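Subject: A structure to look at

Hello,

Here is the structure I promised to pass on. Please open it next to this message, and then read my notes below.

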Amino acid sequence: KGQRGIIQGIQGEELKLALSQLGIREGDECTFTGYAPLRDPLSIMVNRTKISIRKRDAARIWIELN
């Protein structure tokens, strides 16, 4: 919890489009904020927006940790 990083890449056009519609792009800083009770989905903060994302989708996002 609290771990930060920079989005380096997003695999898959559908996921890239869905995230871009939320204003999330490669180069943005993100912070891990926690898990749902069953540890899926994950909760992250990107550009002052808190989102929940399924683990299988999160696995397609490359992050360089700070």
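Leaving aside its neighbours within four places in sequence, which residues is Ile10 in contact with? They are Leu15, Lys16, Leu19, Glu26, Arg60, Ile61 and Trp62, where contact means heavy atoms within 4.5 Å.

Before the rest, a word on the source. This is a predicted model, in which local features need pLDDT of at least 70 and side-chain atom pairs count only at pLDDT 80 or more, while totals for chains, interfaces and linings use all residues. Residues are numbered from 1 along each chain as its sequence is written, and side-chain values use heavy atoms, with hydrogens and water left out.

The overall picture

The protein chain has two helices and five strands; helices (H or I, at least four residues) and strands (E, at least two) are DSSP runs, numbered from the N terminus. Read from the N terminus, the order is β-α-β-β-β-α-β. The radius of gyration, taken over C-alpha atoms, is 11 Å, close to the 11 Å that the globule rule gives for 66 residues, so the chain is as compact as a globular protein of that length. That rule is 2.2 Å times the number of residues to the power 0.38. The C-alpha trace spans about 30 × 25 × 20 Å along its principal axes. Of the contacts with a separation of 6 or more, 46% are between residues 24 or more positions apart.

The sheet and a helix

The five strands form an open sheet in the order β4-β3-β2-β1-β5, with antiparallel pairing; two strands pair if DSSP finds at least two bridges between them. At the edges are β4 (49–53) and β5 (61–65), each of which pairs on one side only. From one strand to the next the twist averages 40°. Axes here are lines fitted to C-alpha atoms, for helices over the stretch in contact, and angles run from 0 to 180 degrees between N-to-C directions.

Strand β1 (residues 4–10) is joined to β5 by five bridges in the antiparallel sense, and Gly9 stands opposite Trp62 in β5. Helix α1 (residues 13–21) packs on the sheet and touches β1, β4 and β5, its direction making about 130° with that of β1.

The core

Buried residues (under 20% relative accessible area; exposed is over 50%, partly exposed in between; 1.4 Å probe, protein chains only) make up 32% of the 66 residues. A nonpolar core is a set of buried Ala, Val, Leu, Ile, Met, Phe, Trp, Tyr and Cys residues joined through side-chain atoms within 4.5 Å. The largest one has 14 residues, of which Ile7, Ile10, Leu19, Ile24 and Ile61 touch the most other members. Two or more residues come from each of β1, α1, β2 (29–35), β3 and β4, and β3 gives the most, with three.

Ile51 is in strand β4. Its relative accessible area is 10%, so Ile51 is buried. Beyond four places in sequence, Ile51 is in contact with Leu19, Leu22, Ile24, Leu42, Ser43 and Ile44.

Ser43 lies in strand β3 (residues 42–46) and counts as buried because its relative accessibility is 11%. The Ser43 side chain makes a polar contact with the side chain of Thr33 (2.8 Å). Such a contact is a pair of N or O atoms within 3.5 Å; within protein, one must be able to donate a hydrogen and the other to accept it, and residues adjacent in sequence count only if both atoms are side-chain atoms.

Happy exploring!
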